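Hi everyone, thanks for coming. Please have a look at the model on the screen, and then we'll walk through it together.

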Amino acid sequence: MIDMVKQKIEALFKEKKIAGFLGLREQNGQVAPHLFMEGQALEGLCLGDRKIAGDARYPLNKILVTLARQYPEKTLGILARGCDERGLYGLFRLNQLDPDRVIPVGIACPGDLALACECKKPFPDALAAGEKIQAGESVKAGLETLAAMDTLDLDKRFSFWKNQFSKCVKCYGCRDICPMCFCKDCSLECEDLVSKGDLPVDIPVFHLTRAMHMADRCVDCGLCDEACPADIPLRLLYKKTAQIMDIEFGFTSGINKDERSPLSMMGPAPKKVAK
Amino acid sequence: MTLLSQVLDFCGVERERLRARWVSSAEAPEFVEEVNRFIDALKTLGPSPLKVKTAKMGVS
């Protein structure tokens, strides 16, 4: 798989289509994001698979946004899994990236990774290597958790989330890892809204603020869940907001390249389109 | 509103505790009536579960 990816990137460099390629590089046994420049060999390029597939995922989109702000005229290539590409679509929609200046080189995730991630679409549209597989069972598992929450009554749900939220150490890890968080001024750091140095955080306001901001952005990549040192099931919360967006407005973030968010439209709420 | 009330409900806060209505500054009686209705609704619901929690934490 990696040879196909390398060929694709080398071809892009040769055709002068990209000024650099943002990928992952293995060095001294560690995997980290790396910007490969033209003329450099793609030495150490890796796909984030160390012991098992996809065990070294990074929010490359986030780095791409930073690079694009610095070098708006350059076209860059980027290594993209299914979730990364959903993120790219979201960032195009939110005017954080120019679709003409980003060339994704897509890799499909193997079945076990897709299952572990509960991924809805474990392959990007711009597929360079790998096979399109559908992770059928994983979808069920995700919904089952939400369904399980729905069977609890209000008091139980309240104590569940109260316990979860009170574990928060306010490390901002979820925000910092999130490829869809790009605001220069974050509401969660506004001192009028969130007092500095106070723990526990304001329950449930702190987490629901983020959940509301993520409602039409979250691409369900699961990095926040992985990053949270307190193991708060953040993904479950954002899955819920995504579910509401789907049921109420028929909107799923990152599925279509030319999507528009119902939350940024004026006028009456768009009705769900029958699928 | 659609979204937030459902997210609150998901986290175990009654959605009746959230209400939004546009009232013009020229419609004082409308505003008073709305707030009174909201107060009645809140009295029926009783104290917020969040309030209980904050009080407990104050003690410990």
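Let's start at Ile78(A), whose contacts, leaving out residues up to four places away in sequence, are Leu22(A), Leu60(A), Leu64(A), Val102(A), Pro104(A) and Val105(A). By contact I mean that the C-beta atoms of two residues, placed from the backbone, lie within 7 Å.

A word on what you are looking at. This is a predicted model, where local features need pLDDT of at least 70 and side-chain atom pairs count only at pLDDT 80 or more, while totals for chains, interfaces and linings use all residues. Residues are numbered from 1 along each chain as its sequence is written, and chains are lettered from A and ligands numbered from 1 in the order in which they are written.

Now, which residues have the most contacts inside the largest nonpolar core? They are Leu64(A) and Ile78(A), in a core of 65 residues. Helix 10 of chain A, residues 234–249, is the top contributor to this core with seven residues. At least three residues come from each of domain 1 (2–135) and domain 2 (152–264) of chain A. A nonpolar core here is a set of buried Ala, Val, Leu, Ile, Met, Phe, Trp, Tyr and Cys residues joined through C-beta atoms within 7 Å. Buried means that 20 or more other C-beta atoms lie within 10 Å of a residue's own, with C-beta atoms placed from the backbone. Helices are DSSP runs of H or I with at least four residues, numbered from the N terminus, and domain bounds come from an automatic or database assignment.

How do the two domains meet? In chain A, 15 residues of domain 1 are in contact with 19 residues of domain 2. On the domain 1 side, helix 3 of chain A has the largest share, seven residues. The centres of these domains, taken over C-alpha atoms, are 25 Å apart.

On to chain B, which has three helices and zero strands. Buried residues are 8% of its 60 residues. Where chain B meets chain A, the contact takes 13 residues from chain B and 18 from chain A. Helix 1 of chain B gives the largest share of the chain B side, six residues.

Finally, helix 8 of chain A (residues 205–214) has several buried residues, including His207(A), Leu208(A) and Met214(A). Among the elements covering the buried residues of helix 8 are helix 10 of chain A and helix 1 of chain B.

Technical notes
Helices (H or I, at least four residues) and strands (E, at least two) are DSSP runs, numbered from the N terminus. A residue is buried if 20 or more other C-beta atoms lie within 10 Å of its own, exposed if 12 or fewer, and partly exposed in between; C-beta atoms are placed from the backbone.
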